Amino acid sequence: MKRALLAGEGKTELGEWAKEPPFRELPGEVGVLGALLERAAGSAFKVVDGVAWKNIRKYRAGNHASAEARNVLGLALYARRVPCDAVVFSRDRDGSVERQRDLDEGIRRAREDFPDLVVIGGIAIENIEAWILVLLGADGESMSCRKTKAELETRFGIATLQGIVDAVRSASMDSLPSGSLCAWWECARAACR
């Protein structure tokens, strides 16, 4: 079984892993990334640690890398220290095409600089809640960030992390429309083969 490190913006992505280590009650709530990893990998991966995106210690490598790229590299370095075999993460785009480009560059460099590490990650357009809408059959990626959260609650009655995770666990993954969730899912499935 491979050991995985989760990283994301908060509780929705990480569940209990969003808390600082002294405040975690494990096993605790699973977040979207943990639920997606379970769906993609079955028991091939075990989550052993997690970190909120804002708490990742940025990698200090040269080439004037952006903060997003340095965070991905910092995450890879942290995974090496834990030790973990894989990093599993998402980052909300929040309308920033530059953030998406920088994150893609960080992923490319992490795979190059840490070839023994499985990197399952990508951008959520525009946010992780949009992925849940996509799983429920709605076009979440075309909505503004604020509208996705409201749409989940008003249209689907989902207002809690448990409701979001239940949607991930019960959704069909067979024919995802192209987009950021599909790209992340294909990356995860390829890593689990």
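Predicted model: local features only at pLDDT ≥ 70, side-chain atom pairs only at ≥ 80, totals over all residues.

User: What order do the strands of the open sheet come in, and is the pairing parallel or antiparallel?

Analyst: The order is 2-1-3-4, with four strands in an open sheet. The pairing is parallel.

User: Which strands stand at the edges?

Analyst: Strand 2 (45–52) and strand 4 (118–124). Each has a single partner strand, so one side of each has no neighbour in the sheet.

User: And how much are neighbouring strands turned against each other?

Analyst: By 15° on average, direction ignored.

User: How many bridges join strand 1 and strand 3?

Analyst: Four, linking residues 2–8 with residues 86–92 in the parallel sense. Within that pairing, Leu-5 has Val-87 of strand 3 as its bridge partner.

User: Switching to helices. Where does helix 2 lie?

Analyst: Helix 2 (residues 32–41) lies across strands 1, 2, 3 and 4. It runs at about 145° to strand 1.

User: Now the largest nonpolar core. Which residues touch the most other members?

Analyst: Leu-36, Ile-120, Ile-132, Leu-135 and Trp-184, out of 41 residues.

User: Which element gives the largest share?

Analyst: Helix 2, with seven residues. Other elements giving two or more include strand 4, helix 5 (128–135) and helix 8 (180–191).

User: Back to Trp-184. What does it touch?

Analyst: Leaving out residues up to four places away in sequence, its contacts include Leu-33, Leu-36, Leu-37, Ile-120 and Trp-131. Phe-89 is also among them.

User: Which residues does the second core include?

Analyst: Ala-7, Val-51, Phe-89 and Ile-123 are among its 21 residues. That core is separate.

Technical notes. Residues numbered from 1 in each chain as written. Heavy atoms only, no water. Pairing = 2+ DSSP bridges. Axes fitted to C-alpha atoms, helices over the stretch in contact; angles between N-to-C directions. Contact = heavy atoms within 4.5 Å. Core = buried A, V, L, I, M, F, W, Y, C linked by side-chain atoms within 4.5 Å. Buried < 20%, exposed > 50% of the residue type's maximum accessible area, 1.4 Å probe, protein only.
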